[in-house]
Structures are given as C-alpha cells and as structure tokens.
Amino acid sequence: MSGVKRNVLNVKQKLEILQKLDNGESARTDAEDVLNEGNTISHSAALQSVVTLLDYMGQRGFDYGDITAVRKISTDIRQGMNEQQKHRRIIDFF
C-alpha cells in the first residue's frame, strides 16, 4: 500500500465519538470530518476499523440502535468499495 496516506482516529477521538453514540447523537459526520482533514483512508482500512468498532460495541453491550448505525456505516463503505471497483473496471475497459 505504498503511496496511500492513512489517517486513523486516535484514542481520544474514538472515545469522543463513542460518547456521542452513548448520548444518542450521530457521530458519523465527526468521524468523516476527522478522517478527511487533508488525508485519505482506504476503504479496506475504514471497513476494518468499523468491524473492530462493532466488536467492541458488542462486547460493551451498546444498544441495538447504536450498533445498527455503525453497521450502516459499514454498508456505506462497502458500497463505496463496489463503486470504486466498478469505476476501475470501466476505465480498464477503455
């Protein structure tokens, strides 16, 4: 993965997002803002982070609504991966 810039949420940022989820707030845009501050993250790295977060949430007993919101993010990432792959196939074809 040379040439790919990654920005991973630090522990403080992750805790802030988890606290917002605990309070019933949406943390999705906060996570996107942090990850998009002049850096990019691959779809696969983002998906792995979401899977790790889901595991954590399951172990800590988060409520169904919070877990569903994070699963939606996972679905969005997978759709982005599929669109990117489709776009690459079209470009490779031409």
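Helix α3, residues 43–60, has 18 residues and reaches 26 Å from its first C-alpha to its last, close to the 26 Å expected at 1.5 Å a residue. The expected span is 1.5 Å times one less than the number of residues in the helix. Helices here are DSSP runs of H or I with at least four residues, strands are runs of E with at least two, and both are numbered from the N terminus.

The structure is a predicted model, in which local features need pLDDT of at least 70 and side-chain atom pairs count only at pLDDT 80 or more, while totals for chains, interfaces and linings use all residues. Residues are numbered from 1 along each chain as its sequence is written, and side-chain values use heavy atoms, with hydrogens and water left out. The pLDDT is the predictor's confidence in each residue, from 0 to 100. The protein chain averages 75, and 71% of the residues score at least 70. Confidence is highest in α3, at a mean of 86, and lowest in helix α2 (residues 28–35), at 58.

The protein chain has 4 helices and 0 strands, so that from the N terminus on its elements run α-α-α-α. Helix α4 has 30 residues and reaches 43 Å from its first C-alpha to its last, close to the 44 Å expected at 1.5 Å a residue.

Next comes the question of what is covered. A residue is called buried when its relative accessible area is under 20%, exposed when over 50%, and partly exposed in between, using a 1.4 Å probe and protein chains only. Buried residues make up 24% of the 94 residues in the protein chain. In α3 they are Ala-45, Ala-46, Leu-47, Val-50, Leu-54 and Met-57. These buried residues of α3 pack against α1 (11–22) and α4 (64–93). In α4 the buried residues are Asp-66, Ile-67, Val-70, Ser-74, Asp-76 and Ile-77.

In soluble globular proteins, nonpolar side chains tend to be buried together. A nonpolar core is a set of buried Ala, Val, Leu, Ile, Met, Phe, Trp, Tyr and Cys residues joined through side-chain atoms within 4.5 Å. The largest one in this model has 12 residues: Ile-17, Leu-18, Leu-21, Ala-46, Leu-47, Val-50, Leu-54, Met-57, Phe-62, Ile-67, Val-70 and Ile-77. Helices α1, α3 and α4 each give two or more residues to this core, and the largest share, 5 residues, comes from α3.

Contact means heavy atoms within 4.5 Å. Val-50 lies in helix α3 and is buried, with a relative accessible area of 9%. Not counting residues up to four places away in sequence, Val-50 touches Val-70, Ile-73, Ser-74 and Ile-77. The C-alpha atoms of Val-50 and Ser-74 are separated by 6.3 Å, although the two residues are 24 apart along the chain.

Just after α3, Gly-61 takes a positive phi of about 75°. Phe-62, one of the core residues, is also in contact with Asp-22, as is Asp-66, when neighbours of Asp-22 within four places in sequence are left aside. Asp-22 is in helix α1 and counts as exposed, at 54% relative accessibility. Across the protein chain, residues 24 or more positions apart account for 66% of the contacts with a separation of 6 or more.

Side chains of opposite charge can pair when their charged atoms come close. A salt bridge is a side-chain nitrogen of Lys or Arg within 4 Å of a carboxyl oxygen of Asp or Glu. A search of the whole structure finds 1 salt bridge. Asp-76 forms a salt bridge with Lys-72, and the closest N and O atoms are 2.6 Å apart. Both residues lie in helix α4, 4 residues apart, about one turn of the helix. An α-helix has 3.6 residues a turn, so residues three or four places apart point the same way. Asp-76 is buried, with a relative accessible area of 18%, whereas Lys-72 is partly exposed, at 46%.
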